[in-house]
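Q: Please take a close look at the aromatic side chains of this model and at their surroundings. A connected account would be welcome.

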Amino acid sequence: TSSGNKLNPIDLISGLGLLGAWADFEQESTTSWKNYDTQPASELFKKAGITNSLYDELVSPLLHVLPMCPAYDCSAAAALSCFHVFALQSRGAFDVRWCRGSISEKIFEPWQNQLEKRGVVVRGGARVSSIEEITITNDIEEDQTESKRHKYTIHLDSNGNGVDGDNGDGKNGENRIDCDAVVLAVGATAAGRLSSSSPAISSLDATKDFDKLRGVTCVAVRLFLKPQQTVTSNLNGGIHSKTQLPSDMANAMSDSPIAVCGADIGSIRELKETGFCIYDLQRMHDEFSVDYYNYNVEHSDHVAVLEVDFYRADTFVDYSNDEIVELTLEAVAATLGTSKIDSSNIVDSTVLRARNAVSHFAPNSALYSPDVKLDEGLYICGDWVDRTGHASWSTEKSVVTARQAACALSQDFGLKNSNSRVIPASKDTPQLSVLRQSARLLRSILPPENLPISPWVFAKELFAGNKRM
């Protein structure tokens, strides 16, 4: 949400207190992650001396929708890394591109079609229950030494789709896949569950702490609303500039079709630690745009479409759909300062729940993050993997580690023509490079006890007789 009119010059200047930590923390340095990952982000902001207003109006909303957790439960390393990638590394870093329709329709379905044309078999709904390792030993006649080769059997649960040779009666290998290598493209908590049932995974040093990994619960609500007869036009920020949301809501979101919201909005009990984003999909998705509807949809079927995605939604994930929709209407009105939409104006709604599904970057979580190669023939990728490596986040980090896993697999199996190159993360700007050099020098002369402290916080503690750094 816009915070420019709520922050005074003192609030803005206090943000400079983060400059020392930002310069000191290097995105792809194992040492930096060790220094910062053990500390909560709340300690980082305390040492920086940022004002309460800056925290409430800017820092908290970013924390609750990027790493998706409050400062006390977020790693200082994760907060700095996330803010760097999404907002600070260069001018325009906070500009993002949003999909102009359903991600499934625009990205995953074409991708699946492309894979299937290459002979890849996609088994939807085939949930993995465990992975078994089979070691094959071959004698080499020349020197009588042994050569060990790893193979794996993937066991599917009772709902798994059949494999080649399945006769439909639940036999003939319906629930297993034999393979030479496995790439786990799963979330952190799913990896923990799979490890607990798979000795081939749990026996590895890299996975011994998988049970400590946590997830963030999310709830996505999409509301199809009776459209306003008067179209609000000339709106900014979206691919489309018109909406049929209520006029007070459209005007409140005139600068952007997206509102980023921190926790404790409107003192609503369920939102005490829940952040969320509000999306006007008529300005973001082609198939919901006012112009598309005018030319392709019967007037009686026109709807305005509002989506709200909640992060850290544990307090209400088990509510009924109707209760969650009602909470959503309250949250939107409290955020935008608009009238609450009457439930009679809802034509249809969907509520999606994802329990513990999103990576939780809590303090110490990077210590449990594995490299992309777990063992011979066993690889893993995701936004929680190789945290101290390539400086990327979210979907980009998942893609990066997937390509790294593909590269490792290709090298191990001697595969050629594997296009798995990873584009390096953006280099530091010249200004940041100078700041980093100064931070390294300062750390070598006077290393902080844990996190760098801002000059004004240092002076305050000094005058108070506290000499701790």
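Is Phe-25 buried or exposed?

A: Phe-25 is buried, because its relative accessibility is 0%; buried means under 20% relative accessible area, exposed over 50% and partly exposed in between, with a 1.4 Å probe and protein chains only. The model is a predicted one, in which local features need pLDDT of at least 70 and side-chain atom pairs count only at pLDDT 80 or more, while totals for chains, interfaces and linings use all residues. Residues are numbered from 1 along each chain as its sequence is written, and side-chain values use heavy atoms, with hydrogens and water left out.

The structure holds 11 aromatic pairs. Rings of Phe, Tyr and Trp (its six-membered ring) pair if their centres lie within 6.5 Å; planes under 30 degrees apart count as stacked, over 60 as edge-to-face and the rest as tilted. One of the pairs joins Phe-25 to Trp-33, edge-to-face, at 5.5 Å centre to centre and 65° between the planes. Trp-33 is buried as well, with a relative accessible area of 4%.

Phe-361 and Trp-393 also form an edge-to-face pair, because their planes meet at 65° with the ring centres 4.6 Å apart. Phe-361 lies in the loop between strand S9 (346-359) and strand S10 (373-375), and Trp-393 in the loop between strand S11 (378-381) and helix H13 (394-412), so the pair ties together parts 32 residues apart in sequence. Helices (H or I, at least four residues) and strands (E, at least two) are DSSP runs, numbered from the N terminus. Both Phe-361 and Trp-393 are buried. Over the face of Trp-393 lies Arg-387, at 4.5 Å from the ring centre; the criterion is NZ of Lys or CZ of Arg within 6 Å of the ring centre and within 35 degrees of the ring normal. Elsewhere, ring pairs link Phe-276, Phe-310, Phe-316 and Tyr-319 into a cluster.

In helix H4 (residues 41-48), the buried residues are Ala-41, Leu-44, Phe-45, Lys-47 and Ala-48. These residues lie on the same side of H4, because they cover an arc of only 160° around the axis, taken from the directions from the helix axis to the C-beta atoms. Gly-49 follows H4 and has a positive phi, near 75°.

As for the cysteines, the structure holds 0 disulfides, a disulfide being a pair of cysteine sulfur atoms within 2.5 Å. For Cys-74, the nearest cysteine sulfur is that of Cys-69, 3.9 Å away. Cys-74 is buried, with a relative accessible area of 0%, and Cys-218 is buried at 12%.
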